[in-house]
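I am opening this notebook to record what I looked up in one structure, entry by entry. The sequence and the model come first, and my notes follow.

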Amino acid sequence: MSSQQTSSALQTTVAVEKITITKPPLGSPIRRTYTFRVKRYDPEKRSYYWREYKVELTNHETVLDGLLKIKWNQDATLSFRYSCRMGICGSCGMIINGVPRLACETKPYDLGTEVITVEPLSNFEPIKDLAADFSNFFEKHISVKPWLIRKDETEQFEKLDTYYPQTEDQLSDYLEFAYCIKCGLCYSACPMVFLNKDYLGPQALAQAYRWSADSRDEGAVLRLKIVDSENGVWSCHYSGTCSKVCPKDVDPALAINLLKNWLLSGKRRR
Ligand code: SF4
Ligand code: FES
């Protein structure tokens, strides 16, 4: 072997060694077996009961993954709602280890318990197992008129190509509240909804603020009449649980206080 050949052979060895050294080892997922304690609802008997299931999950998998494994491999009768599996559709809300959370964003590994307790959302009527009836929740949402209102109805319903420019500051007046995915976690966590089933609740009130704070909207007077009532903002005692559980950082408690401020100061008249 010539000295040139020896040198290129060495270079190859070094190059191979470099690849071996710089390539990070693939992290192996951490597998654990969890006990899922699920509170189920039987619509025929109109009663709740508990079932336990053992599920193996990695540290990357979610409570929703666990429920799907149970449904596919152990008990096809288990019912729950989900769609996007990425925290966008708001369908998979349930009470996990005592706190309202999105099942698709909650990892058992992060909860740090071997037993994972899963219950349907409170403050909602049950349909079956973990699937809750959102009819009442959406009726309240619709009742605050969550859309842009213009005083001129022709402008609102016929001139659909009209453009309403908005500055960044005007956008920031309501943007935080526009991130609501209608998951119902805030509504489930609210002690006042529990005490008064007619209370509009944090989600609908936050949306009343979101649309009224929009510079393109002229419906604040209408909405303020709706929320200025016993079942509106004045039922809120500011426990703040709604804002704590919101997966989108919407802060409904702040929105309710801002609505109260408008009502007391008479500032929002448009
Ligand atoms: S305000 Fe937050 S918790 Fe309440 S419905 Fe909207 S996204 Fe869900
Ligand atoms: S499945 Fe859509 S938010 Fe969880």
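Predicted model: local features only at pLDDT ≥ 70, side-chain atom pairs only at ≥ 80, totals over all residues.

Next I looked up how strand 4 is paired. I find strand 3 (residues 93–96) running antiparallel to strand 4, joined to it by 4 bridges, and I note R101 as the bridge partner of M94. The two strands make a hairpin with 2 residues between them, and in that turn N97 has a positive phi of about 50°.

In general, most residues other than glycine have a negative phi. I find R46 with a phi near 55°, in the loop between strand 1 (31–42) and strand 2 (47–58), and N123 with a phi near 70°, in the loop between strand 5 (115–119) and strand 6 (125–128). Are R46 and N123 buried or exposed? R46 counts as exposed because its relative accessibility is 69%, over the 50% cut-off, whereas N123 counts as buried because its relative accessible area is 14%, under the 20% cut-off.

I then turned to ligand 1 and asked what surrounds it. The space that ligand 1 takes is the largest cavity, and the residues I list around the ligand include C180, C183, C186 and C246, along with K182, Q203 and P252. By class, I record 9 nonpolar, 2 polar and 1 charged residues in this shell.

With several cysteines in the list around ligand 1, among them C186, I looked up how many disulfides there are, and the count comes to 0. C190 is accordingly in no disulfide, and the nearest cysteine sulfur, that of C242, is 6.5 Å away, while the cut-off for a pair of sulfur atoms is 2.5 Å. As for burial, I find that C186 is buried, with a relative accessible area of 9%, and that C190 is buried with a relative accessible area of 9%.

My last entry concerns K244, which I find in helix 12 (residues 241–245). K244 is exposed, since its relative accessible area is 69%.

Definitions and conventions:
Residues numbered from 1 in each chain as written. Chains lettered and ligands numbered in written order. Heavy atoms only, no water. Pairing = 2+ DSSP bridges. Near = heavy atom within 4 Å. 1 Å grid on protein atoms, 1.4 Å probe; cavity = no way out; pocket = protein on both sides within 12 Å on 5 of 7 lines; lining within 4 Å. Sits in = over half its atoms within 2 Å of the grid points. Nonpolar A, V, L, I, M, F, W, Y, C, P; charged D, E, K, R; others polar. Buried < 20%, exposed > 50% of the residue type's maximum accessible area, 1.4 Å probe, protein only.
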